[in-house]
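Subject: Structure for you to look at

Hello,

Here is the structure I said I would pass on. Please open it beside this email and follow along as you read.

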Amino acid sequence: MQREIQVVFIPQLLQPQQLANGTTVVVDVLRATTTIIAAIANGARQVIPAGTIPAALELRNTRQKTLVLGGERGGVIIPGFDHGNSPLEFTPEVIADRTLVLCTTNGTVAMEHCRDCPKILIGAFVNLSAIATHLAESHHQQILCSGTNGVITSEDVLFAGALTEKLIAADPNATLNDQAQIALGWWRDATQTMENGTPLHLLLAQGAGGRNLMKLGYHQDIQFCARIDYFTHVPVLCSQSWSIR
């Protein structure tokens, strides 16, 4: 069976049932998926993605003692929440052996789009190679970029291109949809720019999401999100329990 690599730039470009035939990697580089990976690596018992603020608050009311509430709107912590959406916030001291309920503007909403998918992985630059190795087991590989409020984001497309490059290195005969080809070309252009001395975190800072985080003072978050292969963890979102472990 020939391997297929499908990139989707924003969830709005397809219906949820179109993700029902393969393994999907959800990516929100700045910052939801990076934050989830960091929380799992730092000992979180599980992460529960919440699509809305009321849903997150309801979960907190039922399990307050063991639960940490994190989330943002427009990059800013949601009033009444314990933490925002920074991967630097969820240290072992904060999150080890606890459950994180995370509610973000785009990433956790994109995860809701994957309810029909049989296997859902959480990816970002910080676990790029681990995701590629894990995804190689599937013949139908799907990379779902979260975007921002229905608009394509450069950092997610760059990640999709980087992951596509690793996947075709493992299987040069894989077929790519048009968005995968575009993402791959964009990543290869970015690779040349990086070889000429521009680090990845500066490329991430140039997009709309990066500029917003810089304006809010989260430049260290961008640097963290640009750490390729910082973790080997591959968090998996179980659609039945709706939790990430």
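Predicted model: local features only at pLDDT ≥ 70, side-chain atom pairs only at ≥ 80, totals over all residues.

Strands

Strand β1, which covers residues 4-8, has two partners here. One is β8 (residues 140-145), which pairs with β1 in the parallel sense over five bridges. Within that pairing, Val7 sits opposite Ile143 of β8. The other partner is β9 (residues 175-176), also parallel to β1, with two bridges. There, Ile5 faces Leu176 of β9.

Salt bridges

Side chains of opposite charge can pair when their charged atoms come close. The structure has five such salt bridges, and three of them are described here.

Asp82 and Arg60 form one of them, with 2.7 Å between the closest N and O atoms. This pair links distant parts of the chain: Asp82 is in the loop between β5 (76-77) and α3 (92-95), while Arg60 is in helix α2 (residues 53-62), 22 residues apart.

A second salt bridge joins Arg115 and Glu112, at 3.1 Å from N to O. Arg115 is partly exposed, with a relative accessibility of 39%. Glu112 is partly exposed as well, at 29%.

Arg188 is partly exposed, with a relative accessible area of 41%. For Glu165 the value is 28%, which is again partly exposed.

A loop residue

Pro118 is found in the loop between α4 (107-112) and β7 (119-123). Its relative accessible area is 59%, so Pro118 counts as exposed, the cut-off being over 50%. Which residues does Pro118 touch, leaving aside those up to four places away in sequence? They are Leu19, Ala20, Asn21 and Gly22. Take Leu19 as an example: Leu19 and Pro118 are 99 residues apart in sequence, but their C-alpha atoms are 8.5 Å apart in space.

To check these notes, start with Pro118 and its contact Leu19, then look at Asp82 and Arg60, the pair with the 2.7 Å separation.

Regards

Terms used
Residues numbered from 1 in each chain as written. Heavy atoms only, no water. Helix = DSSP H or I, 4+ residues; strand = E, 2+ residues; numbered from the N terminus. Buried < 20%, exposed > 50% of the residue type's maximum accessible area, 1.4 Å probe, protein only. Contact = heavy atoms within 4.5 Å. Pairing = 2+ DSSP bridges. Salt bridge = Lys/Arg side-chain N within 4 Å of Asp/Glu carboxyl O.
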